[in-house]
Amino acid sequence: MSGPGKAPESAQAREARLKAGLEAVFRAELSRTVTVSDLVVTSAGARRGNVLFTATDSGGKGQRYCVTYLPTLDIELLPIPQEAALFRLAEAQGVPVPHVHFATEDPQWVGGPLFVSDCVAGETVPRRVLRKVAAEGTGETIAAQLGSAFAALHSIDPTLAPPALARPERTPVEDALARTDQQLRELLQPSPIFSYAQRWLETHAPPAGEGLAIVHGDVRNGNVIIDEQGLAAVLDWEVAKVGDPLEDLAWTCLRCWRFGEDDKEVGGFGPRARFVAAYEAGGGSFDPERFHWWKVLGTYRWGLGLAGQAAAHLDGRFSNIVMAMSGRRVGELEYDLLSLLKP
Amino acid sequence: MQDRPTAVELLDTLATYLEEEVGPELEGPLVYRTRVALNLLSVVRRELSDEEALAREAARLAALLDTAVPEGSPRLALEALNAQLAARLRRGGDAAFDEAAWPVLMTGAREKLAVLRPGYDGYDSAGERPGGAS
């Protein structure tokens, strides 16, 4: 037996505690007395929880919500109340995000900070998303909707960004190159292809951009909710930062997020032309050379990320079979990089 | 020399065991992880089946670097050549060398994919570059 508070909590105990905490926080934040039921855990990450639930008023009227919370007061990438503030900023600008009802840092409800938002109906699991999109014929529409969503997000004055959002130290391009150079040095074995890419990126670095924007940083299949009409919501704003807007567009168009739909450059959904046209119609400005540079950077960065997962598996920081497999996926990114860099 | 089953035959046995005996009993996240496990087994199987791969790659890199294949096991020789090539490409400044290196790197990348994920190189992103066609 471990000491008090150390024994792992059973799933039932955790659910009961979460239910009681949510009922109490609805009373405190919204002055509403509700019964919480039908909890569904949508992401079982070790650090962060996303749980869907129904809150029913005494009158018997129930509504689905989503709570995003940290089970402890551990360090957050982006403090949850600021993430909630970012949702509101994005929503006000017309980016499809779940509507946030309240956010609190008070750990008494569920052990750490939390925010409660609408539960948006739709699909999020990548391969199921692509099957649904194929069946409903919404792929090209989604490519355009993603372009519009980026235009709306990037039109926000970046000085309005929540204070904890990362800002570039130098330029986004210089920061990215310094980070990848560091990761390149930390590889477990030298990679000629990654070395070639680092050098190419340095010698082809685009000039300082037109301007900075709030960028989401990880818009791709898996971080969006897709319904019959197409894009219903953009999720997971944890790595948002102030950066180069083209970085955001390029990340969405990496081959590794197409899940086999390789000829549909925009996330496996549709062609680039629809995406860019919608982005420009929404006031965004597109530069194909800069976009290409950020695609090379993104492909390289994800390859380094996979290599880092394998290193974490091997040195015991985070060991499991999926992380081990990551090391043997690096070759896919090396091939994609070389294809993008064909002389 | 070990007795049969050979290493490759043992991997096949493990794969069949996971697929036919363990798989049907599983649910939840274990289904996904077991699929990953099967995938890893097939990667190792393909890697073991091509015993000449390291020597071929060492010969290609040595030719590119205009040097002899170092003494020792093919693995050690290849590690040394890889380190030398990575350092030279990282340093850059020699456009002719970069141009000569690209097809050698691509051949190596394709050989890795033949082990890791056969067919992945059926798509070529070169067409997505500014100005287009590959």
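Helices (H or I, at least four residues) and strands (E, at least two) are DSSP runs, numbered from the N terminus. The structure is a predicted model, in which local features need pLDDT of at least 70, side-chain atom pairs count only at pLDDT 80 or more, and totals for chains, interfaces and linings use all residues. Residues are numbered from 1 along each chain as its sequence is written, chains are lettered from A in the order in which they are written, and side-chain values use heavy atoms, with hydrogens and water left out.

**Exercise 1. Overall form of each chain**

Task: Compare the radius of gyration of chain A and of chain B with the globule rule.

Solution. 
- Step 1. The radius is taken over C-alpha atoms, and the rule is 2.2 Å times the number of residues to the power 0.38.
- Step 2. For the 343 residues of chain A, the rule gives a value near 20 Å; the chain has 21 Å, so the two agree.
- Step 3. For the 134 residues of chain B, a compact globule would come near 14 Å, but the chain has 20 Å.
- Step 4. The C-alpha atoms of chain A fill roughly 65 × 55 × 40 Å. The C-alpha trace of chain B spans about 55 × 45 × 20 Å.
- Step 5. Chain A has eleven helices and nine strands. Chain B has five helices and zero strands, in the order α-α-α-α-α.

**Exercise 2. Burial, contacts and charge**

Solution. 
- Step 1. In chain A, 51% of the 343 residues are buried. In chain B, 31% of the 134 residues are buried.
- Step 2. A contact means heavy atoms within 4.5 Å. Of the chain A contacts with a separation of 6 or more, 67% are between residues 24 or more positions apart. For chain B, among contacts between residues at least 6 apart, 41% join residues at least 24 apart.
- Step 3. Turn to charge. Lys and Arg count as positive, Asp and Glu as negative; His and the chain ends are not counted. Each charge is placed at NZ of Lys, CZ of Arg, CG of Asp or CD of Glu.
- Step 4. Chain A carries 34 positive and 43 negative side chains, with the two centres 4 Å apart. Chain B carries 15 positive and 23 negative charges, with mean positions 6 Å apart.

**Exercise 3. The nonpolar cores of chain A**

Task: Which residues touch the most other members of the largest nonpolar core?

Solution. 
- Step 1. A nonpolar core is a set of buried Ala, Val, Leu, Ile, Met, Phe, Trp, Tyr and Cys residues joined through side-chain atoms within 4.5 Å.
- Step 2. The largest core has 93 residues, and Trp237(A) and Phe275(A) touch the most other members. Helix α9 (residues 288-314) of chain A gives the most to this core, nine residues.
- Step 3. Another core lies apart from it, with 19 residues, including Val34(A), Val51(A) and Phe102(A).
- Step 4. List partners of Phe275(A), leaving aside neighbours within four places in sequence. Among them are Ala143(A), Phe150(A), Leu249(A) and Val266(A).

**Exercise 4. Two local sites**

Task: Is Ala121(A) buried or exposed, and what is the answer for Thr34(B), buried or exposed?

Solution. 
- Step 1. Ala121(A) is in the loop between β5 (114-118) and α3 (126-136) of chain A. Its relative accessibility is 60%, so Ala121(A) counts as exposed.
- Step 2. Beyond four places in sequence, Ala121(A) touches Ile225(A), Asp227(A) and Ala232(A).
- Step 3. Thr34(B) is part of helix α2 (residues 29-49) of chain B. Thr34(B) is buried, because its relative accessible area is 14%.
- Step 4. With neighbours within four places set aside, Thr34(B) contacts Leu18(B) and Leu26(B).

Key: Buried < 20%, exposed > 50% of the residue type's maximum accessible area, 1.4 Å probe, protein only.
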